[in-house]
Amino acid sequence: MHRTDRTTLAHFLIDATRRRTDFGSDAAALLLDVAQSCKTIARLVAMGALGDALGKAGVTNIQGEEQARLDVMSDSIFQRAAEFGGHVCAVASEEQDEPVPVPPHYPRGDYLLLYDPLDGSSNIDVNVSVGSIFSVLRMPRPGASATIADFLQPGVRQVAAGYAIYGPCTMLVLTIGEGTAGFTLDPALGDFVLTHPSFFVPGATKEFAVNASNSRFWEPPIRHYVEECLAGIEGPREKDFNMRWIASLVAEAHRILVRGGVFLYPRDNRQPRRAGRLRLMYEANPIAFILEQAGAAASTGTQRILDVEPTELHQRVPLIFGSREEVERIEALHGAASGASPDTPLFNARGLFRVG
Ligand code: MN
Ligand code: MN
């Protein structure tokens, strides 16, 4: 039975502008432009090999990653929609070295838009869910030409953040700072329709997601945490855990938003030492905002993600997010590791972990 009383994304946003003095129609219009970009990308992705958009673009981005053709196409879809809309001053993308100012022949708005236009694109050929991630900041110097420094704001200052997930159905998950809502694309209507008014991530979970092939590079607190999970009901956690790994950030975040769990992409000791893999400004910050607004937590292991003061547009951070109890436990292990003597009971518990 088709319901006729559903709320569209446009109605949801208009309602917010009527209730809130700090959320204007320009912010709503910007988010509708972003949603339009996501619909266009959803269609491209859904065409698969029929769309003539698969394969490599033959170039690498600033991260040294080989770009897929869909990365390049998705990037220009986001950029063109944002430029034309008149609500942003400049955009910054995973696929562009520097921020891109709105060209002079378009009106300049008061916002900065950051995005990972296609997340998980290395999974596209195997038909695993991919997504787009975005973050909206206020331009600190309205009217001026945006510089990198204008973008380097901590995640707590985000006005809105969201992702689209291109899975069996296309969804848009959005926070404007009053909870996290999910919209499902009705392909016949061409509208995102509110289907998940308020996500809530339970505090306890039995699922963790980590790329265990990196375990030899992990720092002690992460090794300790995962060993505790693997020890299951006989271990200190006294419950059996399941492990998940999709290697697609949006897909991992979405699973955790829907049914709980914890995701870890920690710092590791590879040479050269890597401060995690995921990017702060257009991956960790928006995902952290979305998750926190759904009652979950996001941390580097030692610090709340949203409090990290950015120093570079493309900076990487360790990223741990999900059910509160797990994130807090991982942070406690980091505290114990940095502050404590090897006698700390945690580190000798049942001989699971030896310091040094
Ligand atoms: Mn990504
Ligand atoms: Mn990407």
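Start by selecting residues 111-119 and 130-138 in this predicted model. These are strands β5 and β6, which pair in the antiparallel sense over seven bridges. Within the pair, find Y111: across from this residue, in β6, stands R138.

Now widen the selection to the whole sheet. Eight strands form an open sheet with mixed pairing, in the order β4-β3-β5-β6-β7-β8-β9-β10. At its edges are β4 (100-101) and β10 (191-196), each pairing on one side only.

Next, pick helix α1, residues 9-19. This helix packs on the sheet, where it touches β8 (170-175), β9 (180-186) and β10, and its direction makes about 5 degrees with that of β8. Then select helix α3, residues 69-85, which lies across β3 (88-93), β4, β5 and β6 and runs at about 160 degrees to β5.

Time for some charged pairs. Show E178 and R20: they form a salt bridge whose closest N and O atoms are 3.5 Å apart. E178 sits in the loop between β8 and β9 and R20 in the loop between α1 and α2 (25-47), so this pair ties together parts 158 residues apart in sequence.

Move on to R279 and E94, a salt bridge with its closest N and O atoms 2.4 Å apart. Which parts does this pair tie together? R279 lies in strand β14 (residues 278-279) and E94 in the loop between β3 and β4, so the parts joined are 185 residues apart in sequence. R279 is buried, at 1% relative accessible area, and E94 is buried at 4% relative accessibility.

Methods
Residues are numbered from 1 along each chain as its sequence is written. Chains are lettered from A and ligands numbered from 1 in the order in which they are written. This is a predicted model: local features need pLDDT of at least 70, side-chain atom pairs count only at pLDDT 80 or more; totals for chains, interfaces and linings use all residues. Side-chain values use heavy atoms; hydrogens and water are left out. Two strands pair if DSSP finds at least two bridges between them. Helices (H or I, at least four residues) and strands (E, at least two) are DSSP runs, numbered from the N terminus. Contact means heavy atoms within 4.5 Å. Axes are lines fitted to C-alpha atoms, for helices over the stretch in contact, and angles run from 0 to 180 degrees between N-to-C directions. A salt bridge is a side-chain nitrogen of Lys or Arg within 4 Å of a carboxyl oxygen of Asp or Glu. Buried means under 20% relative accessible area, exposed over 50%, partly exposed in between (1.4 Å probe, protein chains only).
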